[in-house]
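Student: I'm new to this one. Could you walk me through it?

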Amino acid sequence: MKLLTLMEEIILISIWRLKDNAYGITIRKEVGKATGKEWALGAIYPFLSRLNKGGYVMTVTSQATQERGGRHKILYRLTDTGRDALAEVRRVHERTWDGIAAWAFKKAE
Amino acid sequence: MKNTASPPRLARWLLNRFSGWGDDFGAAGDFEEFYRDLAAERGIRKARRACWKQVGAVFPGHLKNVILWSDAMLKHYLRVAGRNLWKHKGYSFINIAGLAMGMACAFLVLLWVQDELSYDRFHADAGTLYRLEQESDSGQGLFRHAASPYALGPIMKAEIPEILDAVRLASPGSLLARAGEKAFFESRVYAADPQIFRQFTFPLLKGDPATALALPGTLVVTEETARKYFGEADPMGKTVIFNDAHPFTITGILKTIPPNSSLSFDMLVPFDFVKTLGKYTDSLTGSDITTFVRLYAQSGAATAAPKITRLVMDRALSEVQANHEAAKFLQSNPAVLRRFQSRTFLLRPIVDIHLYGSRQAIRNVAIYSAFSLSILLIACINFMNLATARSAVRSREIGLRKVVGAQRKSLIGQFYGESLLTAFLAGAASLVFVIFLLPPFNGLTGKMMGPEVLLKARSLLGILAVILFSGIVAGSYPALFLSAFRPVKILQGRLGGARSSVFRKTMVVLQFGLSILFLIGFGVVLRQVDYMRAKNLGYDKERMIYLPMRDKAPLSYAAFKERLLKSPCIAGVTATRHPPTAITANSASADWDGKNPDARFTISFASVDFDFPETMKIEMIAGRTFSRTAASDIRRAFLVNEDVPKLMGLDPVSALGRRFVFRGYEGTIVGVMKNFHYRSVRYATEPLAVVVDPKEFRYAVIRLAAGGIPASLEEVQKTWRQVYPQYPFEFRFFDQDFDLMYRQEERLGAFIKALSVLAVFIACLGLFGLASYMAERRTKEIGVRKILGASPSSIVLLLSKEFARWVAAANLFAWPAAYFLMDKWLRQFAYRQEIAGWLFVAAGAGALAIALATVSFQAIRAAHAAPTRALKYE
């Protein structure tokens, strides 16, 4: 199975965390929290597009609301493929990191 | 009203355009929400800024995309363009050669303009440095000059909060500088405040900038000056004696002052030296020195200047009130009073001194830029014309491309690709030209630019801009016009060529019009310079030299003159207060019996020696010249030129014997001289009065006798050495001064000459291409005509007639334009050579002849081709 890239992984997890409220703005915030830096709004979309094409997420178009200047909102939800991919990534992570202590890569003082 | 509830519309649009997300992700809505959140949280301004930041963040990626995708297309365009260039080598050569010449011209002028604009920008604090200038009403309009009182600098610095520092530069005049055996007169010496090295970027090679001028008796010299006196020896700590009385010790060596500095000097001494010389005054009424001011911020200039004016005015007023005599003098002299009261101080940014100061370099920058752009335009027109002329041939290719499915956009791309490739090739060729042309160009402009100036970032940007500009200008017409062809019509062979041929004609007319304009301009400038050079000055300037008598030299003038006159090599000796080729002193204080007390006349003034009219060979109209035997002639007798009696309302003879009071001299008019040019012929002669005053001699003026000039000069030098063993011998020919006076005009003339040659050549190059194309297109027609019995000469006529008509038409707009421009140019001269009609005819006929010669080469070839071959093709 194809492995996710780190950024894809972060975004997928963010979407999972956000449950029913995953769309551009919220995802950007969540990603920002995880990576500790501010992401350009536009930086998120190419990944979402890729994930969408890969079938990891599906989109739901919500009702247009006044606070968005009368525009609709596109919500993202994990598909089963997405869930599987995350589970796989997690397994890979665990195997890869097995037996390595957290301080292993600290710089020797 | 701005819609503050949603993000900036432009940002929204850009984002939408660049991102290419479409609205698959609800990005537009997200953006909106993002903005609203931010606006609510941190305010609208921050939110808007954040929106723009988002746009900025997207842009590089977008650009990368565009370039990556168009890379393939770009390669294709270039390949097609390259093939086309190669296939039509002749046209390509004409295009590239013409463009290269036009560009070389543009690049040279670009370098020159950059050099002009770079004046004084090398100072680290150039942005906050200002020269203090003042403006006053002299009764003949506002008069602005860069002078300020001695004492003002420190006072301003203390009183005006905007001013960070002020540096005063006073010229002590010409000083005799002696170091060991060597002695020279140094006129480029400034007495300066010690912080000069902090305020300006004049780096010291040796010595400490903080202390170099701090103590009395310290001296800073430039590298070259040090070399002049001490050769290769270390000059630090050496002694230079000024005027054989004031010893100075060298405490610093200045790096050579760059040529693009408007402030330039050879030596610096502490400011207090002017006090030693007794020139200094605490009074704020005078204006004797230059003051440079450094402000805390640029914004302070507007508020600081009025404060300086008020400060000086207040102090000067109380000064005058305290001094009874000065007050009385002011009251009795309305003109002086007006000048005093209207004194306004202004701050001129140091970077503007060269461009907008008295040199007005910005005018030349504009003129030369316009010239070189015209040449570039002429070269671009060649490209456009040849491309449109070939459009009929190319139209098949275009039609086929369209049929196969080429978009108009890609055709436009193709044409631009072609023109840009041509432009880049031409640019490369022109850089080679530029490197070879720089030395003569430097000679023409008096600059010192090496090929390395091309490598400066600004030059490179400029060069790239010129290339892109000419590529786009040259490619636009074919790109936009040819790409619009309808394929069906093209392939049917029904192409409306009329429009493009009108365009082409207009362009040729424009090209030749500009060429004729240059030719006429060249003629007018040349004639004016010749005219000024040949103008009868009213005296004989041949074999005239003058020698400055500095320091105490005038005291021994009588002995010098006496010895000189003993030699047969010397025809005459006299003396003057001012250089005799540039008498610039004038005054409005003249008075005479019967003068209307309210009227004020500006009269030029010179103090001279007895033999002035005789030595200069000035003709007398009435009365006598100065007489040595009449004791009353010293300081009591006036010689005037013929304009003065006119002012007095008298004829020359009746002016004789009149009482005349001028510049503190009181006496009678004893003679009237014919008008002569006592300064540049650029200016009209004005009323002049001269008086004999031995105290005022500063220049010895000598007429050498007929015979060998070197021998005569030898004689003068020998005499000088006998009388003045302590002073170096310096002299100037009058002719040298006159050469300098017309240098600017001669440069302009040489420049226009080069330009007109270039313009005609490039235009002919284009015409040659057009003619060969026309002949090619009409091969069949010519064949048929010949079979029907047309003679070769009638065919040559047929082909040349049309071109002749275009060039003749060019005169229609070139003549009035040339008349208008040159008339305007000539107005700056008091004496001008009127614009001659034959000049126009000659320029027009010359252009026509050259054009016809170019065209007939092709026409004759076409006319003599065997008709069978012409008809056989296809």
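Student: Let's start with B:Gly29: which helix is the place of this residue in?
Tutor: Before that, a word on the ground rules: this is a predicted model, where local features need pLDDT of at least 70 and side-chain atom pairs count only at pLDDT 80 or more, while totals for chains, interfaces and linings use all residues. Residues are numbered from 1 along each chain as its sequence is written, and chains are lettered from A and ligands numbered from 1 in the order in which they are written. Helices (H or I, at least four residues) and strands (E, at least two) are DSSP runs, numbered from the N terminus. On chain B, residues 27–42 form such a run, and B:Gly29 sits in helix H2.

Student: Does B:Gly29 count as buried or exposed?
Tutor: Buried means 20 or more other C-beta atoms within 10 Å of the residue's own, exposed means 12 or fewer, and partly exposed is in between, with C-beta atoms placed from the backbone. B:Gly29 has 24 C-beta neighbours inside 10 Å, so B:Gly29 counts as buried.

Student: What separates the C-alpha atoms of B:Gly29 and B:Asp591?
Tutor: Along the chain, these two are 562 residues apart.

Student: How many residues of strand E24 of chain B are buried?
Tutor: In a regular strand the side chains alternate between the two faces of the sheet. In E24(B), B:Tyr699, B:Val701 and B:Arg703 on one side are buried, and so are B:Ala700, B:Ile702 and B:Leu704 on the other. The strand is therefore largely enclosed by the rest of the structure, with a buried count of 6 of the 6.

Student: Which residue of E24(B) is the bridge partner of B:Gly572?
Tutor: Two strands pair if DSSP finds at least two bridges between them. Strand E15 (residues 570–576) of chain B runs antiparallel to E24(B), joined by 6 bridges. On the E14(B) pairing, which is antiparallel with 5 bridges, B:Met544 stands opposite B:Arg703. The partner of B:Gly572 in E24(B) is B:Arg703.

Student: Why are helices H27 and H28 of chain B called roughly antiparallel?
Tutor: Axes are lines fitted to C-alpha atoms, for helices over the stretch in contact, and angles run from 0 to 180 degrees between N-to-C directions. Under 35 degrees is roughly parallel, over 145 roughly antiparallel, 65 to 115 roughly perpendicular and the rest oblique. H27(B) and H28(B) pack with their axes 8 Å apart, at an angle of about 155°. That makes the pair roughly antiparallel.
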